[in-house]
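Visitor: I have a chain open in the viewer and would like to talk it through. Could you start with the overall layout, and then we can go into contacts?

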Amino acid sequence: MSVKKWGAALLLTMFLLTGCGENPAESVYQHLEAAVELEEPFEQQQEPLQKAEMRENELFEEIISLGMDEFEGIVVLAEEAISSINSRESMLLQEKESIEDGYQEFLKIEEQFEDIEGEELSNLLEQLKSTMDDRYEYYQQLYVSYNEAISLDKALFEMLKQEDLTMETLQEQIDKVNEKYGSVIEHKEQFNESTDRYNQVKREFYKKAELNVQYD
């Protein structure tokens with residue numbers, strides 16, 4: 001499940017007066033980038049998820065190419081696919097947990113709402129909260145759709161282990177899978193777009209706050 005990264009900042013260079021505490025903008029920066037780090041497990045799941053999906057598609061094509069006189073081979077391939085699906089399920093859970101950890105860290109910026117000086121910075125901080133809330137909600141929708149798609153995939157390969165499976169029943173399940181992945185794609189696009197919006201607002205906040213941040 002390929003999704004966009006949300007733009008980790010690599011470096012913040014600041015010259016602080018001795019004895020001065022961290023200002024509100026710096027505190028916001030720390031929470032935002034800590035949230036990025038907490039989402040690293042989410043990033044790490046993307047490539048394995050894609051590879052698993054591709055392998056399962058290959059297994060399905062192999063199964064379809066076999067005749068019923070090779071039923072034992074069909075069962076072996078279906079079991080491999082189900083094992084892969086179970087792995088995807090675990091990866092998805094890790095992904096979700098990291099998104100939620102990052103969001104909880106992000107929410108700590110609310111502690112600085114009253115201390116931020118300047119209307120523009122205050123507005124940008126509100127926009128950060130709004131765009132992140134949208135991003136988080138879109139991820140939840142994406143998670144539900146993708147989790148449902150995984151369940152349908154698993155049911156499909158369980159069906160393929162049945163010797164009395166009819167083409168009509170198989171096609172009905174394939175249609176359900178395809179429809180659900182259509183929903184996954186829609187939610188993924190919404191999530192990616194909300195990530196882009198969030199990154200844009202974050203960069204504007206850093207610029208307005210005069211934080212010297214370098215990006216990769």
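Guide: From the N terminus on, the elements run β-α-α-α-α-α-β, where helices (H or I, at least four residues) and strands (E, at least two) are DSSP runs, numbered from the N terminus. This is a predicted model, in which local features need pLDDT of at least 70 and side-chain atom pairs count only at pLDDT 80 or more, while totals for chains, interfaces and linings use all residues. Residues are numbered from 1 along each chain as its sequence is written, and side-chain values use heavy atoms, with hydrogens and water left out.

Visitor: How many of the residues are buried, as a percentage?

Guide: Buried residues make up 42% of the 216 residues in the chain, with buried meaning under 20% relative accessible area, exposed over 50%, and partly exposed in between (1.4 Å probe, protein chains only).

Visitor: OK, salt bridges next. How many are there?

Guide: The structure holds 17 salt bridges, each being a side-chain nitrogen of Lys or Arg within 4 Å of a carboxyl oxygen of Asp or Glu. One of them joins the side chains of Arg88 and Asp153 at 2.9 Å, N to O.

Visitor: Where do Arg88 and Asp153 lie?

Guide: Arg88 lies in helix α3 (residues 71-106) and Asp153 in helix α4 (residues 119-159), so the pair ties together parts that are 65 residues apart in sequence. Both Arg88 and Asp153 are buried.

Visitor: And Lys51 with Glu47, how far apart are the closest N and O atoms?

Guide: In that salt bridge the closest N and O atoms are 3.2 Å apart. Because Lys51 and Glu47 are four residues apart in helix α2, about one helical turn separates them. Lys51 is exposed, with a relative accessible area of 52%, whereas Glu47 is partly exposed at 49%.

Visitor: Switching to aromatics, how many pairs are there?

Guide: There are 10 aromatic pairs, counted when rings of Phe, Tyr and Trp (its six-membered ring) have centres within 6.5 Å, with planes under 30 degrees apart taken as stacked, over 60 as edge-to-face and the rest as tilted. For Phe42 and Phe191, the ring centres are 6.0 Å apart and the planes stand at 65°, so the pair is edge-to-face.

Visitor: Which parts of the chain does the pair link?

Guide: The pair links distant parts, with Phe42 in helix α2 (residues 40-65) and Phe191 in helix α5, 149 residues apart. Phe42 counts as buried at 0% relative accessibility, and Phe191 counts as buried at 0% too.

Visitor: Which residues form one aromatic cluster?

Guide: That cluster is formed by Tyr103, Phe106, Tyr136 and Tyr198.
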